[in-house]
Amino acid sequence: MTTRVQDDPAGLRRQIPLADYTTWKVGGAAEWFGEPAERAELLSLLEWARHSGTPLRCIGAGSNLLIADQGLPGLTLCSRRLQGSQLDPQEGWVDAEAGEPIPTLARKAARAGLAGLEWAVGIPGTVGGAAVMNAGAQGGCTAEWLDSVLVVDPLRPDPPFRLEASALDFAYRHSLLQQEPLVVLSARFRLQAGHDPAAVSSRTSANLHSRTSTQPYQQPSCGSVFRNPEPLKAGRLIEALGLKGLSVGGAQVSPIHANFIVNTGGARAEQIDALIRQVQERIWQAHAIALHPEVKRLGFAPEGEERTAFGH
């Protein structure tokens, strides 16, 4: 049973199951949980966590998160209701709230004749998560088009401040935001203005079709599990070892795309984690290549790298 806490910020709740907030549909309960719909509510929850000394984690759409079956201590904040965007079709500027779905933003940009985000239409994540992870697909990535982010430090009573993209140390599926305890409030993109909306929309739709026709979109997954060990492709390495269909309980290496692990029904986080490790071991034994997951593990022992993590 969930309860709302008296005399605490609006929206603060206890023991909320997190399986409904991840695309894998697994994970235990959050000790404390908030899903603010307005920035002021988010800042109030951050202030509560700071004053109470409560550990904090932030998630977006939960599409790159594996949350332990035991759940998470402290406060888990979900930004997916913090949506909205403003576009300038003449100059190419786009400002979007952290919880804005990146596919929604890609379609809006296309309709405005703004080119640059066509690759993002198939990524099941949020703007905030894309900035944190330097999300990418179809040869494009966030770092190419991001101008700046508005962030707040939850450990300090300072007002929000802007970080330029040049300060974010972008690399393949990496940004400074993965190490620093900062919460993304919004992101600003500089896209190419003056394009034919129909042409940009057509390219966007083609990218989406390419992804949905080659990836297991009908089953719960986190998207690509492993980073590509460039110039090699993780999916091809896994498929070459005949690991498509390999299962641990309800977790399975997708028969459609080998770099996806799907929940075939009733999977537990520990089973997905075990399958990830099994694939890593098999690739290491065969090729002496270390596959590094894109997915962030939260609540495991030892816990993942980030104190604050944003799901796509």
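The following exercises, each with a worked solution, concern a predicted model.

**Exercise 1. Aromatic pairing**

Task: Determine how many aromatic pairs the structure holds, and classify the geometry of Y21 and F33.

Solution: 
1. A pair of aromatic rings is described by the distance of the centres and the angle of the planes.
2. The structure contains 2 aromatic pairs.
3. For Y21 and F33, the centres are 4.6 Å apart and the planes make an angle of 50°. Stacked pairs have planes under 30 degrees apart and edge-to-face pairs over 60, so the remaining range is tilted. The pair of Y21 and F33 is accordingly tilted.
4. Y21 belongs to the loop between β2 (13-17) and β3 (29-34), and F33 to strand β3, so the pair ties together parts that are 12 residues apart in sequence.
5. Both Y21 and F33 are buried.

**Exercise 2. Arginines over rings**

Task: State which ring faces R14 and R297 lie over.

Solution: 
1. R14 is placed over the face of W32, at 4.7 Å from the ring centre.
2. R297 is placed over the face of F300, with 4.4 Å to the ring centre.

**Exercise 3. The largest pocket**

Task: Describe the largest pocket by volume, lining and residue class.

Solution: 
1. The volume of the largest pocket is about 860 Å³.
2. Its lining comprises 35 residues; R211, Q215, S224, N228 and H257 lie nearest the centre.
3. Two or more lining residues come from each of β9 (136-137), α4 (197-214) and α5 (234-240).
4. Divided by class, the lining has 11 nonpolar, 16 polar and 8 charged residues.

**Exercise 4. The second largest cavity**

Solution: 
1. Rolling a probe the size of a water molecule over the atoms shows where empty space is left.
2. By class, 4 are nonpolar, none is polar and 2 are charged.

**Exercise 5. The setting of E100**

Task: Decide whether E100 is buried or exposed, and locate the polar atom of its side chain relative to G84.

Solution: 
1. E100 is situated in the loop between β8 (93-97) and α2 (102-111).
2. The relative accessible area of E100 is 2%, and the limit for a buried residue is under 20%. E100 is therefore buried.
3. A polar atom of the E100 side chain lies 2.8 Å from the backbone nitrogen of G84.

**Exercise 6. Backbone geometry**

Task: Identify which peptide bond is cis at P231, and give the phi values of Q15 and D169.

Solution: 
1. Most residues other than glycine have a negative phi, and most peptide bonds are trans.
2. The bond between E230 and P231 is cis, with omega about 5°. P231 is in the loop between α4 and α5.
3. Q15, which is not a glycine, has a positive phi of about 50°. Q15 lies in strand β2 and is partly exposed, at 40% relative accessible area.
4. D169, also not a glycine, has a positive phi of about 55°. D169 occupies the loop between β12 and β13 and is partly exposed, at 49% relative accessible area.

Terms used
Residues are numbered from 1 along each chain as its sequence is written. This is a predicted model: local features need pLDDT of at least 70, side-chain atom pairs count only at pLDDT 80 or more; totals for chains, interfaces and linings use all residues. Side-chain values use heavy atoms; hydrogens and water are left out. Rings of Phe, Tyr and Trp (its six-membered ring) pair if their centres lie within 6.5 Å; planes under 30 degrees apart count as stacked, over 60 as edge-to-face and the rest as tilted. Helices (H or I, at least four residues) and strands (E, at least two) are DSSP runs, numbered from the N terminus. Buried means under 20% relative accessible area, exposed over 50%, partly exposed in between (1.4 Å probe, protein chains only). A charge sits over a ring if NZ of Lys or CZ of Arg is within 6 Å of the ring centre and within 35 degrees of the ring normal. Ala, Val, Leu, Ile, Met, Phe, Trp, Tyr, Cys and Pro count as nonpolar, Asp, Glu, Lys and Arg as charged, and the others, Gly among them, as polar. A polar contact is a pair of N or O atoms within 3.5 Å; within protein, one must be able to donate a hydrogen and the other to accept it, and residues adjacent in sequence count only if both atoms are side-chain atoms. On a 1 Å grid over the protein atoms alone, a cavity is a set of points where a 1.4 Å probe fits but cannot get out, and a pocket is an open set with protein on both sides within 12 Å along at least five of seven lines; lining residues have an atom within 4 Å of a point. Grid points are joined across faces, edges and corners, and a volume is the space filled by probe spheres set on the points.
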